[in-house]
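Subject: Structure for your files

Hello,

Please find the structure below. My notes on it follow.

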Amino acid sequence: MASLLCQRGWQTRSIYGYGVFDQSIPAWHLRKLYRFACRAKRAVTTAMLPSDSPVLLQRLAIPTWGTPESILCGRNNKIVFDFDDAIFMDPYLRESRSRRSALNRIFDRSAHVVAGNQWLASHVKADTPVSVIPTCIDTDRYVPISSHTDRPIRIGWMGTATNLRFLEQLVPAITELRKKHDFEFCLCSDVQNDGLLNKLGASFERWSPEREIEILQSFEVGLMPLSNQDWSRGKCAFKLIQYQAVGIATVSSAIGMNEEVVTDGENGFLAHNENWAEPLDQLLSDGDLRARMGTLARQTAVERYSLPVAADAYESIFDSLICR
């Protein structure tokens, strides 16, 4: 996004949170220390950012605090606060009073708030202008491949360790489908869960930024299971959009933004009431259906979730702040 805005004449400076190094730390306790240090550094940097130009803040440096962002808002009246998850909930998926309070302070003091979906936007209880800008993806990098190798159909899932819990609901359907179809199921994540892999009969690919696109392109069907709870309604379907960008058919839970991204039966399937077996059976049985859905999925990603679409929306906000 920053590079595209630069091409359009904006001078940008990006300050990252954890960076890709985070995923290379094998020990969880060391990763937590690294994240704490990154958050502390970002908090100090945020409070000291310039006061004379628009600043886009994505989430809070420290989720339960908000003081660095408040300090910046006191000096700069061109702050755009952006969030794309239910970050007012704690790691146990419960409403957090301290997180909600910190967010409300920033909602009130920002010049504009950007939410990743309409459900998140409804949680901005402030007089601040709110825009919904969906998650975007570089569709010039995430592209389809011409054909897959001569091997069993590869169903895939890609995601972080925190979302592995949603895969349990797939076990009955995958077990039943193996009686009828020959296919491979691949999980790509930062953490290997051997118990879950055994239940699903799945192979494992460790996620890395260098291989992410290659692994996505190796899938012929992409899955995005979620649970029926507010945490899932706050998700912005990024995994689903990644699948669409590389032109593969998808099956996803009929929850939250998934229902906006997918037109059921056209550019993908929605799994209602955890019914995964029926849509997967159709896709495993019909290569032409997979191809048609993949083509329409790619079209959806380019037309609605590509970087230029999002850049237009952000530029409009920045222009309004500069001109006011």
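Domain bounds here come from an automatic or database domain assignment. With those bounds, the centres of domain 1 and domain 2, taken over C-alpha atoms, are 28 Å apart. Domain 1 covers 1-134 + 307-323, and domain 2 covers 154-305.

This is a predicted model, in which local features need pLDDT of at least 70 and side-chain atom pairs count only at pLDDT 80 or more, while totals for chains, interfaces and linings use all residues. Residues are numbered from 1 along each chain as its sequence is written, and side-chain values use heavy atoms, with hydrogens and water left out.

The domain interface

Contact (heavy atoms within 4.5 Å) involves 16 residues of domain 1 and 16 residues of domain 2. The buried area, meaning the accessible area (1.4 Å probe) that the two parts lose on being put together, summed over both, is about 1,400 Å², and carbon and sulfur atoms give 64% of that. The rule for salt bridges (a side-chain nitrogen of Lys or Arg within 4 Å of a carboxyl oxygen of Asp or Glu) finds 2 across this interface. Arg31 forms a salt bridge with Asp190, with 3.2 Å between the closest N and O atoms.

Ser227

Leaving aside neighbours within four places in sequence, Ser227 is in contact with Phe166, Gln169, Ser232 and Ile255.

Regards
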